[in-house]
Amino acid sequence: MKIHSTAIIHSGAEIGRDVEIGPFSVIGQNVEISHGTIIKNNVTVTGNTSIAEKNVFYPYSVIGSEPQDFKYRGEDTKLKIGRNNIIRECITINTGTEKGGGVTVIGDNNFFMACSHIAHDCIIDDNVLLANGVLLGGHVKVENFAKLMGYAAIQPFATIGQHSYVGGLTRIVQDVPPYMIVEGNPAKVRQVNTIGLERSGFSQELIHAIKDAFKQLFRSETLNRNQILTKLENQENLLPEIKILINFFRDVDKGKSGRQRESLRPA
């Protein structure tokens, strides 16, 4: 371990091998940091926070602080962070709330740029990009390989679908479909995230199938959405990715205001 002499580490914290902790960083009592993680200078890690292997935290980030929720009364809630994440300067990540499931979860291989905020009870899967200043309200879910550009703001309980792209300065108040580009205020589905899918290794045949589903769902002037989803479901050799898209829209209808996770909101 390389721990700077000015770092403040509570005796109850669990620090793994090869962890680096820089000048003036503060590590709280109930923090667990696994091996290979780097905590640069002036970082605060507090709360019931567990951090897996080989993460990097940049200066002035505050990790595991209490949720910014009027209903929070000091309950024993948690933050869990996976492997190989890069957390840049001035990022804030809150623990969960009791009514929201009690835990905020960050997956693996994510890149969070400076000044982003991840609120209580969020779930972020793997390989997600949050550009500078992205704001996630409470209970938001961001699925694998989604990219959110600078200063996008996400309504609580919204879902950002896998391999989607949210443009900068976009205000998201409804779930974002997988594989799509969404931008504007009000936000609109613009087109298929072709470049992102290509970079993720999607074949041209698969991208063409997603584009065809997009045209049916967002450019049709005759059928309603339920009829289109049924038509897509009944096609021969239904691709798994198209099934994911279908399930997304079916799930949205379980919530309200275009947000599937609203169905999880406590009564």
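**Figure 1. An open sheet of 11 strands, with mixed pairing.** The strands of this predicted model line up as β1-β4-β7-β10-β13-β16-β19-β22-β25-β27-β28. Strands here are DSSP runs of E with at least two residues, helices are runs of H or I with at least four, and both are numbered from the N terminus. Two strands pair if DSSP finds at least two bridges between them. At the edges stand β1 (2-3) and β28 (188-192), and each pairs on one side only. Strands of a sheet pair through backbone hydrogen bonds, either parallel or antiparallel. The model is predicted, so local features need pLDDT of at least 70 and side-chain atom pairs count only at pLDDT 80 or more, while totals for chains, interfaces and linings use all residues. Residues are numbered from 1 along each chain as its sequence is written, and side-chain values use heavy atoms, with hydrogens and water left out.

**Figure 2. Strands β4 and β7 run parallel.** Find β4 at residues 20-21 and β7 at residues 38-39. They pair over 2 bridges. I21 stands opposite I39 in β7.

Figure 3. V182 is partnered by V189 in β28. M180 is partnered by V192, also in β28.

Figure 4. The peptide bond from N185 to P186 is cis, with omega near 10°.

**Figure 5. Helix α2 packs on the sheet of 11 strands.** Helix α2 covers residues 204-218. It touches β27 (180-183) and β28. Contact means heavy atoms within 4.5 Å. The direction of α2 makes about 150° with that of β28. Such axes are lines fitted to C-alpha atoms, for helices over the stretch in contact, and angles run from 0 to 180 degrees between N-to-C directions.

**Figure 6. An open sheet of 9 strands shows parallel pairing.** The order is β2-β5-β8-β11-β14-β17-β20-β23-β26. β2 (8-9) and β26 stand at the edges with a single partner strand each, so one side of each is left without a neighbour in the sheet. Within this sheet, strand β8 (residues 44-45) joins strand β11 (residues 62-65) through 2 bridges. V45 has I63 in β11 as its bridge partner.

**Figure 7. C90 has a positive phi without being glycine.** The value is near 65°. C90 sits in the loop between β13 (86-87) and β14 (92-94).

**Figure 8. The largest pocket has a volume of about 350 Å³.** Its lining counts 19 residues. Q174, D175, P177, A187 and V189 lie nearest the centre. β26 (171-172), β28 and α4 (240-252) each supply at least two lining residues. The most come from α4, with 3 residues. By class, the lining has 12 nonpolar, 3 polar and 4 charged residues. Ala, Val, Leu, Ile, Met, Phe, Trp, Tyr, Cys and Pro count as nonpolar, Asp, Glu, Lys and Arg as charged, and the others, Gly among them, as polar. A pocket is found on a 1 Å grid over the protein atoms alone: it is an open set of points where a 1.4 Å probe fits, with protein on both sides within 12 Å along at least five of seven lines, and lining residues have an atom within 4 Å of a point. Grid points are joined across faces, edges and corners, and the volume is the space filled by probe spheres set on the points.

**Figure 9. The second largest pocket has a volume of about 230 Å³.** It is lined by 15 residues. K147, Y165, N193, G196 and R199 lie nearest its centre. Helix α1 (residues 194-199) gives the most to this lining, with 4 residues. The lining splits into 7 nonpolar, 6 polar and 2 charged residues.
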